[in-house]
Amino acid sequence: MLVLTPLIVVLWRWFQAGLPHFKLHYLLEALILWLAVIVIGYQSFTVESYEKAFLFFTPIWLVLLGVIAAIRLGVVGASATVALITVFAVEHLVRGTHPIIVDTPQNAVWLTQEYLAIIAVVSIGLAMLIQEISEQRDVLKQHENALKAQNQFLEERVNERTLALKEVNQALQNANGRLAKSAATDELTGIPNRRHFLSEVQRELQRLRLDGQTASAIMIDLDHFKQVNDNLGHEAGDLVLCNIVEPISNAIRPRDLFGRMGGEEFLVFLSGADQKLANSVAERIRAEIESLEVLYRNQKINVTASLGVAEWDGRSHLDELFHQADKALYQAKNKGRNRVINLTESDSDSKNRPSHEDHFELP
Ligand SMILES: Nc1nc2c(ncn2[C@@H]2O[C@H](COP(=O)(O)OP(=O)(O)OP(=O)(O)O)[C@@H](O)[C@H]2O)c(=O)[nH]1
């Protein structure tokens with residue numbers, strides 16, 4: 001009864017949990033094993049067979065079958081195998097045909113019980129141990145899978161965050177770019193404003209100084225621009241200022257610097273250009289402006305400009321260069337406007353004229 005108890009417990013749990021589904025190969029293995037148990041059990045517990053084939057049909061082999069049952073069939077299979085062996089042992093004990101030959105029946109019962117206890121402990125105990133290990137392995141596997149899933153989730157979150165951060169960063173860079181551009185651009189005309197223009201010129205002057213190259217500046221001021229505003233309104237004046245950009249840009253090279261200094265005054269800086277070249281560029285600008293026709297509310301507006309040219313001496317600060325150009329511009333205005341004047345051509349009086357700009361402050 002003691003030996004059958006595990007089987008009864010296992011079967012009872014089965015019924016409680018619902019009958020498990022055994023796979024075909026499991027049933028086949030169980031069938032083969034139990035056949036071996038029946039053959040060896042019958043022979044080893046029948047005293048005649050035991051005596052004839054002592055080594056082959058011995059109850060010890062049944063212990064080995066119990067171990068195989070534990071490994072291959074689990075707790076259920078091991079319990080069933082132990083039960084089967086118990087049936088043989090008890091049946092032969094009752095009939096008195098058992099091979100356990102001892103002096104008294106009482107001792108035979110004790111010895112049989114010990115034998116069955118050993119089989120039960122080895123077989124069912126081993127099966128339970130294997131089951132425990134397997135369950136622990138399953139739990140570990142589950143934890144590992146959960147950990148992997150958690151890691152994957154975290155990785156996805158990190159990727160999402162990184163992507164979001166990249167997007168924010170990109171947006172920030174774009175905004176910064178736009179901000180820098182708008183800080184450097186004249187709102188009305190879209191060309192570099194005074195501050196940005198002067199800083200670009202200063203950088204260029206440093207480069208030219210190192211390279212030992214020359215440069216020239218052209219200061220452009222629209223003539224009688226006040227009249228445009230007064231006669232046609234500020235909006236018309238703005239339109240003229242916007243339209244003036246294209247002819248000036250057309251007359252210079254892309255690498256030349258061009259900016260609005262304020263009001264109706266523009267500045268051009270020509271790297272590597274001497275006085276002669278600067279004069280011809282200024283003349284081209286003047287002609288382009290003169291031929292410009294701005295259409296405002298079906299009305300054509302024509303403007304002219306006066307231009308002052310100055311060549312850089314290779315040493316002086318940009319303040320000085322632009323003052324020279326400004327003085328030349330003053331000469332152009334004095335001499336009747338719509339013309340280009342180079343400071344070398346201007347009369348000495350003009351040099352005493354207070355500058356158009358107090359000074360060209362650097363950003
Ligand atoms: N529409 C418009 N007018 C401006 C702007 N900035 C300055 N002005 C005007 O430009 C005019 C400049 O007038 P003045 O300095 O007398 O020069 P001018 O009339 O061109 O005369 P000269 O330079 O001597 O030929 C003023 O009426 C300013 O109001 C601007 O952004 N838009």
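Let's start with helix α6, which covers residues 194-211: its 18 residues reach 25 Å from the first C-alpha to the last, close to the 26 Å expected at 1.5 Å a residue. Keep in mind as you look around that this is a predicted model.

**Helix α6**

- Six names make up the buried set of α6: Phe197, Leu198, Val201, Glu204, Leu205 and Leu208.
- Look down the axis of α6 and these buried residues fall within an arc of 130 degrees, so they line one face of the helix.
- As background, an α-helix has 3.6 residues a turn, so residues three or four places apart point the same way.

**Helix α2**

- Helix α2 takes in residues 24-44, and at 1.5 Å a residue its 21 residues should span 30 Å; the end C-alpha atoms are 30 Å apart, which agrees.
- Its buried residues are Tyr26, Ala30, Leu33, Val37, Ile40, Gly41 and Ser44.
- Seen down the axis of α2, the buried residues keep within an arc of 105 degrees, so here too they line one face of the helix.
- What sits on the face of α2 turned away from its buried side? Exposed Leu24, Leu31, Ile32 and Leu35 do.

**The ligand and its shell**

- There are 16 residues around the ligand, and the ones that come nearest are His224, Phe225, Lys226, Asp238 and Arg260.
- Three elements each supply at least two residues of the shell: strand β1 (215-222) and the helices α7 (225-232) and α8 (234-251).
- Which of them gives the most to the shell? That's α8, with four residues.
- Sorted by class, the shell holds eight charged, five polar and three nonpolar residues.

**Contacts with ligand oxygens**

- His224 brings a backbone N or O atom to 2.8 Å from an oxygen atom of the ligand.
- Leu222 also uses its backbone, with an N or O atom lying 3.1 Å from a ligand oxygen.
- Arg337 takes part through its side chain, where an N or O atom is 3.0 Å from an oxygen atom of the ligand.
- On its own the ligand exposes 660 Å², and the protein buries 67% of that.

- Most residues other than glycine have a negative phi.
- His224 has a phi near 45 degrees, a positive value in a residue other than glycine.
- You'll find His224 in the loop between β1 and α7.
- Is His224 buried or partly exposed? With a relative accessible area of 43%, His224 is partly exposed.
- Asn298 has a positive phi as well, near 65 degrees, and it isn't a glycine either.
- Asn298 belongs to the loop between β4 (294-296) and β5 (299-301).
- At 77% relative accessibility, Asn298 counts as exposed, because the cut-off for that is over 50%.

**Gln113 in helix α5**

- Gln113 lies in helix α5, which covers residues 105-184.
- Its relative accessible area is 43%, so Gln113 is partly exposed.
- Gln113 and Val90 are 23 residues apart in sequence, and their C-alpha atoms are 9.1 Å apart in space.

Methods:
Residues are numbered from 1 along each chain as its sequence is written. This is a predicted model: local features need pLDDT of at least 70, side-chain atom pairs count only at pLDDT 80 or more; totals for chains, interfaces and linings use all residues. Side-chain values use heavy atoms; hydrogens and water are left out. A residue is near a molecule or strand if one of its heavy atoms lies within 4 Å of it. A polar contact is a pair of N or O atoms within 3.5 Å; within protein, one must be able to donate a hydrogen and the other to accept it, and residues adjacent in sequence count only if both atoms are side-chain atoms. Accessible areas come from the Shrake-Rupley method with a 1.4 Å probe; for residues, only the protein chains shown count as cover. Ala, Val, Leu, Ile, Met, Phe, Trp, Tyr, Cys and Pro count as nonpolar, Asp, Glu, Lys and Arg as charged, and the others, Gly among them, as polar. The expected span of a helix is 1.5 Å times one less than its number of residues. Buried means under 20% relative accessible area, exposed over 50%, partly exposed in between (1.4 Å probe, protein chains only). The arc is that of the directions from the helix axis to the C-beta atoms.
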